[in-house]
Amino acid sequence: MKAKVTVMPKKSVLDPQGVAVRDAMRHHGLPEVRSVRIGKFMEIDVDAADEAKLHEICRDLLSNPVIEDYELQVEA
Amino acid sequence: MKAAVIRFPGSNCDQDCYYVLKNTFAIDTEYVWHKEASVEQFDLIVLPGGFSYGDYLRCGAIARFSPVMRGVAAEAARGKLILGICNGFQILCEARLLPGALIRNRSLHFVCEHVHARLENMETAFTHAEVAIAGGKLLTARTGLLLRMPVAHGEGNYVADEATLRDLHRNNQILLRYADARGAVTSGANPNGSADNIAGIVNRAGNVFGLMPHPERACDPLLGSEDGKLIFQSVIESAMKKTKSSSPITKRT
């Protein structure tokens with residue numbers, strides 16, 4: 001099975017990379033862009049399907065709940 | 001007393017910390033590989049700077065799960081003194097031994113320069129001492145004292161939610177804040193965008209300290225500053241005091 005994890009900086013946390021990319025996009029002829037937020041996307045190939053364990057790992061390792069939110073999608 | 005300098009794969013300030021403890025302060029110091037499970041025999045534990053595990057995922061995110069960190073957490077809970085510098089600070093935050101987190105510098109640039117850090121609380125195990133420096137002078141802790149030390153990091157931007165920041169202020173846990181050469185805490189003097197110019201914080205119990213500036217690179221006149229000695233002198237004095245007071249009492253059976 002495959003698990004897909006998206007980790008995004010929390011709305012309340014400034015994302016310096018996102019701000020820099022937003023500015024670059026404006027310079028590239030898209031002044032309308034309001035904001036960009038940059039996160040991480042992880043594709044995980046795993047034999048067993050313990051979703052609770054995956055959530056635990058998302059919380060403890062793959063994201064830092066102080067600054068990030070994660071979303072886990074498990075595909076059969 | 002005995003000091004440990006923890007080595008993770010990718011630590012690169014371990015030798016500087018070891019040198020300062022061993023040569024500048026004549027402390028019995030050992031390197032401890034991150035695979036060791038226990039650090040019980042040490043009175044002071046230093047987590048040095050570097051790029052543990054290549055900073056993969058997040059700075060300190062993987063190092064935090066090294067076997068030695070369980071030992072560090074156990075000793076922290078027992079009140080032992082823990083000093084995390086730069087990547088060591090990041091690891092302590094990831095390990096939740098300190099609140100908050102360190103994210104990418106606001107400028108996105110790796111900053112590598114000397115900064116002034118203003119001493120905000122001189123009544124802690126890490127910031128109270130007086131130490132001799134070159135020219136027969138004494139450097140004495142006082143609130144407002146400026147310590148000139150280098151920073152070298154890409155992720156030193158301290159963030160925490162509002163409640164945490166309020167607690168840090170209320171409990172005087174902010175020990176160092178970036179300031180200009182006159183001691184004014186301004187946004188211009190903030191090298192990385194840290195909330196409230198925070199350069200270093202201590203945990204609520206007062207025995208775990210993390211800071212982004214490198215005191216170990218400011219302990220010799222040859223390096224342009226000896227201000228880092230104040231932190232090492234303080235923590236060594238505190239560790240010695242603790243060692244003495246907890247020296248084994250003869251058990252009667």
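1. Let's start inside chain B. Within helix 3, the buried residues are Asn87(B), Gly88(B), Phe89(B), Gln90(B), Ile91(B), Leu92(B), Cys93(B) and Glu94(B). Please keep in mind that this is a predicted model.

2. Helix 3 of chain B covers residues 87–94, and eight of its eight residues are buried, so the rest of the structure largely encloses this helix. The cover over these buried residues includes strand 3 (44–47), strand 4 (81–85), strand 5 (101–103) and strand 13 (208–211) of chain B. Just past the end of the helix, look for Arg96(B), which has a positive phi of about 65 degrees.

3. Next, take strand 3 of chain B, one of the strands that cover the helix. In a regular strand, side chains alternate between the two faces of the sheet. You can follow this in strand 3 of chain B: Leu44(B) and Val46(B) point one way, while Ile45(B) and Leu47(B) point the other way, and all are buried.

4. Which strands does strand 3 of chain B pair with? Strand 1 (residues 2–7) of chain B runs parallel to strand 3 and is joined to it by three bridges. Strand 4 of chain B also runs parallel to strand 3, with four bridges between them. Together with helix 2 (residues 67–77) of chain B, strands 3 and 4 of that chain make a right-handed β-α-β unit.

5. Now turn to chain A. Here three strands form an open, antiparallel sheet in the order 2-1-3. Strand 2 (40–45) and strand 3 (68–75) of chain A are at the edges with a single partner strand each, so one side of each has no neighbour in the sheet. On average, neighbouring strands of this sheet are turned by 15 degrees against each other, direction ignored.

6. Strand 1 (residues 2–9) of chain A pairs with strand 3 of chain A over eight bridges, in the antiparallel sense. For an example, find Val7(A), whose bridge partner in strand 3 is Tyr70(A). Helix 2 (residues 51–62) of chain A packs on the sheet and touches strand 1, strand 2 and strand 3 of chain A. The direction of this helix makes about 150 degrees with that of strand 3 of chain A.

7. Finally, how many residues of chain B are in contact with chain A? Twelve residues of chain B contact nine residues of chain A. On the chain B side there are five nonpolar, two polar and five charged residues.

Key: Residues numbered from 1 in each chain as written. Chains lettered and ligands numbered in written order. Predicted model: local features only at pLDDT ≥ 70, side-chain atom pairs only at ≥ 80, totals over all residues. Pairing = 2+ DSSP bridges. Helix = DSSP H or I, 4+ residues; strand = E, 2+ residues; numbered from the N terminus. Axes fitted to C-alpha atoms, helices over the stretch in contact; angles between N-to-C directions. Contact = placed C-beta atoms within 7 Å. Buried ≥ 20, exposed ≤ 12 C-beta atoms within 10 Å, placed from the backbone. Nonpolar A, V, L, I, M, F, W, Y, C, P; charged D, E, K, R; others polar. Right-handed = clockwise from strand over helix to strand, strands pointing away.
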